[in-house]
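User: Hello! Could you walk me through a few features of this model?

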Amino acid sequence: MEILSKAPKNNDLDKYGLKDVTTFWNLSPETLQKLTVEQGMGKETANGTLAVNTGKFTGRSPKDRFLVDDDYTKDKVWWGRTNKPITPDNFSKLYHEVTNYLSGKSIYIHDGYVCADPKYRMNVRTITEYPWSNFFVHNMFLRLAENEIADFEEEWLVLCAPGYEAQDPAAFGLRQGNFSILDFTRKIALVGGSAYTGEMKKGVFSALNLILPIEKNVLPMHCSANVGEDGETAIFFGLSGTGKTTLSADPKRRLIGDDEHGWTAENTIFNFEGGCYAKVIDLTEEKEPDIFRAIRPGAILENVVFKEGSKEVDYKNSSITQNTRVSYPIDHIDNIAVPSYAKNPKNIFFLTADAFGVLPPISKLTPAQAAYHFISGYTAKVAGTEAGIVEPVPSFSACFGEPFMPLHPTVYAEMLSKKMTEANVNVWLVNTGWSGGPYGVGSRIKLKYTRAMISAAMEGELNDIDYEQHPIFGLHMPKYVPGVPSEMLDPMNTWLQKGAYVSKSIQLAHSFHLNFDKFINQASNEILHGGPLIDAHQILDHI
């Protein structure tokens, strides 16, 4: 196979410490797919889409994520469980180990950039051990025009070596042999020991989450976004499994992006990426047509299982992982914003899959409630999503993306509150989880109802209607939404036993407050008042 490699003028790899390597620069997706299949690292599905297995890591390993503790980061980073330090010396030794490991091998190099708004563009060079890792980056980062390749100069380097594992982790300050490390001074994201491609994507996202607020006055957000024909932008925050990708794919609106965005001082919302990385467990064309149709040559499926004796994917099969995924360039979606940014944000939706069946399907938040729920970042894990989980468990991730946030959550919350106020944005809490009881008793709220509620909010149909306040969480619930049964808008109405609902609500409210304890010293009194009531007697008096 003839391989057309497109190297920039400045293609000296000595500065990276890479010796005697065979280089493949900026290969096409088609070539990278052929190399992956030829090397026995992937298979093609019935329609020609590449399918790969990421090995023992089928998701990120947050306990093995580190930031180099130096003069740049020391007084900026929110150090602790999320942001663990590693010394500059240990990073240098580890980097040297990885470059020695890669030396003498074939490597794949992709030049691209992140941040669609030209004012905030950051060039990224990615060097990978595997061809399909490079294919993933081609999908997920923004792609250069042909005439930009020759003069490309990177600002950040991503170096990914899944085959390298530290033999003596403690000698480098590591927990185990795999790692994902950011060095903000040298501007390097180093990934080793894990082939899960999300480590590269989220490494760059984490870097932007420190650089943009500190250096550019831009709020980074773990969210999807779309824009309507009227030019009004909607933002969807949510953790994995809450519908962030699904609900932003709206045939009536142009998709800006499905996962990572910035909000500028000029009130522009811009995509960090050039692609989408969507879950495909239980995927059907009926439920999620845009994602289903995006799975075609040029996309990469991860950790899916084929139906026996065929090349057809069994999307219901979770025998490898619940976290089966697809990455595809954003232009695999028909209705997208070109370029990937827009102005005039008017509605923000916080998505939560409440498996306790407690939260309303939609409620309007006050500024204090918006800040509180943003810092909380609540959803729930259900049985089967992780080993040992047999009933719903509350899950909180600050700013709906705590694993990727180097700064203290209140920094992002204060930026969001300021921008919401200045832009006069409506903020909504949307429960895409359960109604009529918890997981196993109630039922999942139908997607058509969630879409109807979001559409009504964006089209102003909820502006002049009556609301009632939830007695436990203080949320303002609309009494009427077009196309949605009115009895389900107040979740208590959907439970057979009112007392059971109250008990479960108090339990969840208590979980919110316990989680928020770690933010009390940094959060203002106004934000604290945005949370639910906790005194059971006070709650019962309101019912």
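Predicted model: local features only at pLDDT ≥ 70, side-chain atom pairs only at ≥ 80, totals over all residues.

User: Glad to have it open. With which residue does Glu273 form a salt bridge?

Analyst: Residues are numbered from 1 along each chain as its sequence is written, and side-chain values use heavy atoms, with hydrogens and water left out. A salt bridge here is a side-chain nitrogen of Lys or Arg within 4 Å of a carboxyl oxygen of Asp or Glu. With closest N and O atoms 2.7 Å apart, the partner of Glu273 is Lys201.

User: How many residues apart are Glu273 and Lys201?

Analyst: Glu273 sits in the loop between β16 (268–271) and β17 (275–279), and Lys201 in helix α4. Helices (H or I, at least four residues) and strands (E, at least two) are DSSP runs, numbered from the N terminus. The pair links distant parts of the chain, and the separation is 72 residues.

User: Is Lys201 buried or exposed?

Analyst: The cut-offs are under 20% relative accessible area for buried, over 50% for exposed and partly exposed in between, using a 1.4 Å probe and protein chains only. Glu273 has 2% and Asp259, another salt-bridge partner of Lys201, has 7%. With a relative accessible area of 3%, Lys201 is buried.

User: Which residues are joined into one network with Lys201 by salt bridges that share partners?

Analyst: Two bridges of Lys201 have come up, one to Glu273 and one to Asp259, the latter with its closest N and O atoms 2.6 Å apart. Along with Lys201, the network joins Lys202, Lys244, Asp259, Glu260 and Glu273.

User: Moving to the strands, why is β9 largely enclosed by the rest of the structure?

Analyst: Side chains in a regular strand alternate between the two faces of the sheet. In β9, Trp156, Val158 and Cys160 point one way and Leu157, Leu159 and Ala161 the other, and all are buried. So β9 (residues 156–161) is largely enclosed because the buried residues number six of the six.

User: And which residue of β11 is the bridge partner of Cys160?

Analyst: Strands pair if DSSP finds at least two bridges between them. β9 pairs in the parallel sense over five bridges with β7 (residues 122–128), where Ile127 partners Leu159. β9 also pairs in the parallel sense, over five bridges, with β11 (residues 188–192). There, the partner of Cys160 is Val191.
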